[in-house]
Amino acid sequence: MSATNGIIGQSVKRVEDKRFITGKGRYTDDIILPGQTYASFTRSPHAHAKIISVNVQAAKAMPGVVAIYTGADVAGLNGVPCGWQVNFKNGDTMKEPKHPLLVADKVRHVGDPVAIVIAETREQAVDAAEAIVVDYEELAVTVNAAEAVKPGTPLVHDDVPNNICFDWELGNPKEEVDQAISEAAHVTTLEFVNQRLVPSAIEPRSYISSYDATSEKYTLYTSTQAPHLIRLLMSAFVLGLPEHKVHVVGPDVGGGFGSKCFHYTEEALVTWVTKKIGRPVKWTAERHESFLLDAHGRDHITKAEMGFDNDGKIVALRVKTFANLGAYLSTFSTCVPTYLHGTLLQGLYTTPKINIQLTAVFTNTTPVDAYRGAGRPEASYLLERLIDLAALEMGRDPAELRFKNFIPPFDGVNQPGYQTQVALQYDSGNYHGVLTKGLEMLCYSNFREEQKKASQNGKLLGVGFSTYIEACGIAPSAVAGALGARAGLYEVGQVRVQPTGKVSVFTGSHSHGQGHETTFAQVVAGKLGIAMEDVEIIHGDSDSVAFGMGSYGSRSIAVGGSAIVKSIEKIVEKGKKIAAHKLEANADDIDFANGKFTVKGTDKSLSFGDIALTAYVPHVYPKDLEPGLDFSSFYDPANFTYPFGCHIAVVEVDKETGEVKLRRFIAVDDVGNIINPMIVEGQIHGGVVQGIGQALFEGAEYNEYGQLTNGSYMDYCIPRADDLPMFETANQVTPCPHNPLGVKGAGEAGAIGSTPAVVNAVIDALWSGGHKVKDIRMPLTSERVWKAMQG
Amino acid sequence: MSIKIQVKVNGVEYSHEVEPRLLLVHYLRDVLRLTGSHIGCDTSVCGACTIHVNNKATKSCTMLAVQADGCEITTIEGLATNGELHPLQEAFRENHGLQCGFCTPGIIMTAVDFLQDFPDPSEEDIRQALKGNLCRCTGYHNIVKSIKHAAEKMKEEVAV
């Protein structure tokens with residue numbers, strides 16, 4: 001079944017934009033419910049401390065205070081769960097300490113909540129939360145994952161020895177890899193930190209809950225990426241509520257980048273409290289709370305070694321990583337450094353021997369979980385830094401070294417998928433193609449000349465490459481389950497054709513900036529041969545949409561879009577039966593194209609609207625067919641999808657100050673078939689800038705007391721408009737062979753490819769000036785680059 | 001203690017008794033229920049709450065409601081005239097200058113003021129003008145493009 005009216009593949013302007021550009025968006029904090037109260041929290045100022053006492057007397061007497069609850073009040077409730085179980089190498093289950101809604105015994109990171117205050121106004125709630133007196137006994141603190149595992153280090157959880165959540169390995173037997181490395185003609189070694197990042201969606205998290213005593217039903221509006229997932233986790237695992245009596249709505253959401261797909265303690269607490277007090281409860285994070293509580297990203301300490309033979313072929317990769325999980329396990333925290341990181345260490349290369357040893361560690365810091373790319377940026381950073389550095393060390397060209405080691409092109413249909421050494425089977429790829437295209441756009445043949453000239457003029461010019469792959473569209477449920485996922489990872493798509501031929505589509509995917517209301521409508525309009533205006537996409541409401549796993553891992557179009565296509569196929573199949581009956585033909589002889597059901601080889605046809613009406617007014621109708629035209633599908637993908645691409649950065653480094661200026665950024669991405677090129681390009685831009693942010697500007701810094709020292713936008717630098725150039729983007733299309741749209745997903749690609757390209761470019765610039773520096777710790781501030789140049 | 005203020009917002013006169021500590025952005029959002037101006041930070045950095053006070057772009061979290069007494073205010077809700085979008089609103093839609101839309105009202109209000117003073121800006125001018133507004137979705141590329149296109153469109157309109 002192919003597109004019939006040419007809408008698929010067009011840069012259709014977004015249908016959701018009108019409400020956003022006129023101030024009519026409806027984000028959670030915009031919602032005001034009658035009689036609503038406001039919540040505020042008393043939070044720990046210490047990273048690690050015993051709670052000796054909590055005195056709420058003065059606070060209770062303050063104006064407007066409705067209720068106060070402390071850790072003792074919620075001791076009987078479960079904590080928020082982790083959704084992915086990873087076992088120790090010896091088979092033992094990972095350590096999974098309780099993550100309580102409010103802390104009663106000891107606080108484990110700055111911002112850990114000790115009490116919740118409900119008051120008539122926001123200001124009264126904040127005033128009273130500040131008036132609660134908590135007596136703490138401070139404890140020694142651990143913040144660095146590599147240090148936290150050493151004997152004698154303070155324990156974040158008293159029953160977790162050495163702060164180790166689990167250890168884990170993947171790949172070929174370690175002895176084989178050790179031997180290959182020891183026999184290699186050249187080994188490039190890199191010890192580095194993939195620093196901790198703060199996701200920074202511009203909309204802070206916000207929740208508003210209410211309880212209707214008559215229907216005994218809860219409603220929660222939440223700034224989430226996954227409303228059904230939140231309902232399931234909260235009702236079944238935390239609060240023990242009947243799931244069908246909990247209505248969760250994710251209205252307009254102001255960016256997520258991973259940080260809003262997890263189930264947070266505040267979400268469950270406001271839902272629990274609303275029934276207690278019999279009034280709606282609203283809580284919206286202040287930005288300093290977002291810094292302390294929204295799950296952070298990355299935070300790996302790694303030693304990686306890549307061995308080469310005399311010809312420049314990679315013979316082995318050996319990796320050892322400490323992954324910091326923070327103080328508690330966030331929803332997907334455990335799968336990020338393992339199944340979204342270790343499994344990507346093949347990269348685009350034919351490396352025959354790979355082994356990763358990983359230790360996941362608790363520290364007195366904010367929990368760490370998936371942030372745009374989630375594990376895959378860490379993998380691509382590791383590989384792409386190593387290969388560029390190896391080229392410098394061996395005096396080889398970085399592009400040539402890649403061409404020499406690339407997996408040859410395969411389409412997954414005529415050539416099989418590529419089986420990696422680290423569990424995955426890539427679906428389709430043409431890695432030579434994206435690098436070739438990138439080099440053309442760069443005019444690489446001229447670049448080295450320019451670099452020499454620049455050096456003579458007192459500037460250091462550098463180019464950095466990154467040829468990345470990612471695994472997205474997560475994931476086949478059976479595979480995810482075998483690897484420890486505690487949920488399925490299918491998606492739900494319902495297509496309801498109304499009697500007049502208008503179409504309502506219900507998707508379990510959730511849009512928080514991606515433009516699903518446009519892209520998904522294009523898919524439906526294209527497949528059914530009807531106008532875009534006749535299609536509405538409904539998402540984010542657990543009472544409207546049958547079920548859903550939500551949007552993360554670049555899975556919306558690949559999994560959610562495919563579910564919709566499956567339902568469209570059922571609609572067309574049923575439509576053919578109805579048409580056949582009315583046109584007195586055989587269903588096998590009916591063609592569907594351009595919104596028309598036609599008897600093959602004749603001009604006898606019925607429009608899509610005719611069939612819709614007949615399905616609901618079934619006067620002349622097949623005997624054994626149910627009326628109606630409404631189908632739902634659960635689509636469980638056969639495999640991950642594997643987008644890939646080539647990112648190239650050109651930087652100029654000031655010899656005197658170490659300041660880095662990003663001069664050019666080229667992104668050639670292959671995300672499979674593209675439904676809306678404008679939206680895909682926008683996704684790439686956004687991802688690229690988050691990756692550039694990691695390379696040049698961002699990094700959460702904890703001091704030895706466990707205080708986040710840059711917990712505001714005054715201190716933590718997310719990229720601004722004047723930090724960046726215009727981007728040069730292009731696409732190559734290698735369709736995904738295993739989903740009906742041939743799509744792969746584009747949400748994270750930019751963030752996965754860009755970071756190593758920028759850092760490689762700075763290193764290249766420094767080498768061109770004679771500074772043979774292997775690594776500079778990200779973010780590459782002027783000070784760090786300047787110091788590196790001083791040796 | 002409450003203080004009485006009078007303001008004109010999007011052409012409508014309002015009079016309210018407000019707490020002295022009430023921020024202008026909270027007055028707009030909670031009292032007038034104009035929720036198009038958003039709050040993205042608590043340090044006056046993100047710019048999501050940018051409005052016009054007496055025709056100048058202002059972060060409405062940097063002012064108390066009582067300081068706005070006697071002022072004329074325009075918010076994103078008041079930018080379109082007679083149902084016709086402002087050229088900047090149109091340009092953001094045409095050029096995919098927004099994704100999640102949360103920073104968008106503030107950025108558009110900043111850009112409207114900027115183009116009043118600099119009707120023919122270079123790319124660098126635009127990027128400088130956006131320093132006080134954070135966007136985490138778009139990477140700014142299409143925002144810069146939107147403002148450039150709007151400037152061209154507005155110049156054409158003036159020429160006609």
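Let me begin with one residue, A:Ile564, which lies in helix 15 (residues 556-582) of chain A; helices (H or I, at least four residues) and strands (E, at least two) are DSSP runs, numbered from the N terminus. Residues are numbered from 1 along each chain as its sequence is written, and chains are lettered from A, with ligands numbered from 1, in the order in which they are written. This is a predicted model, in which local features need pLDDT of at least 70, side-chain atom pairs count only at pLDDT 80 or more, and totals for chains, interfaces and linings use all residues.

Is A:Ile564 buried or exposed? A:Ile564 is buried, because 29 other C-beta atoms lie within 10 Å. The cut-offs are 20 or more such atoms for buried, 12 or fewer for exposed, and partly exposed in between, with C-beta atoms placed from the backbone. Not counting residues up to four places away in sequence, A:Ile564 touches A:Gly493, A:Val495, A:Val505, A:Thr507, A:Phe520, A:Val523 and A:Val524. Contact here requires C-beta atoms, placed from the backbone, within 7 Å.

I turn to helix 19 (residues 782-789) of chain A, whose buried residues are A:Val785, A:Ala788 and A:Met789. They are on the same side of helix 19 of chain A because they cover an arc of only 100 degrees around the axis, the arc being that of the directions from the helix axis to the C-beta atoms. These buried residues pack against strand 26 (644-654), strand 27 (660-670) and helix 18 (749-768) of chain A. After helix 19 of chain A comes A:Gly791, with a positive phi near 80 degrees.

Next, the interface between the chains. In total, 44 residues of chain B are in contact with 42 residues of chain A. On chain B, helix 2 (87-94), helix 3 (104-117), helix 4 (123-129) and helix 5 (141-159) each supply at least two residues of the side that touches chain A. That side of chain B has 20 nonpolar, 16 polar and eight charged residues; Ala, Val, Leu, Ile, Met, Phe, Trp, Tyr, Cys and Pro count as nonpolar, Asp, Glu, Lys and Arg as charged, and the others, Gly among them, as polar.

Finally, confidence. The model scores ipTM 0.98 and pTM 0.97. Chain B averages a pLDDT of 97, and 99% of the residues score at least 70; pLDDT is the predictor's confidence in each residue, from 0 to 100.

How values were computed
Two residues are in contact if their C-beta atoms, placed from the backbone, lie within 7 Å.
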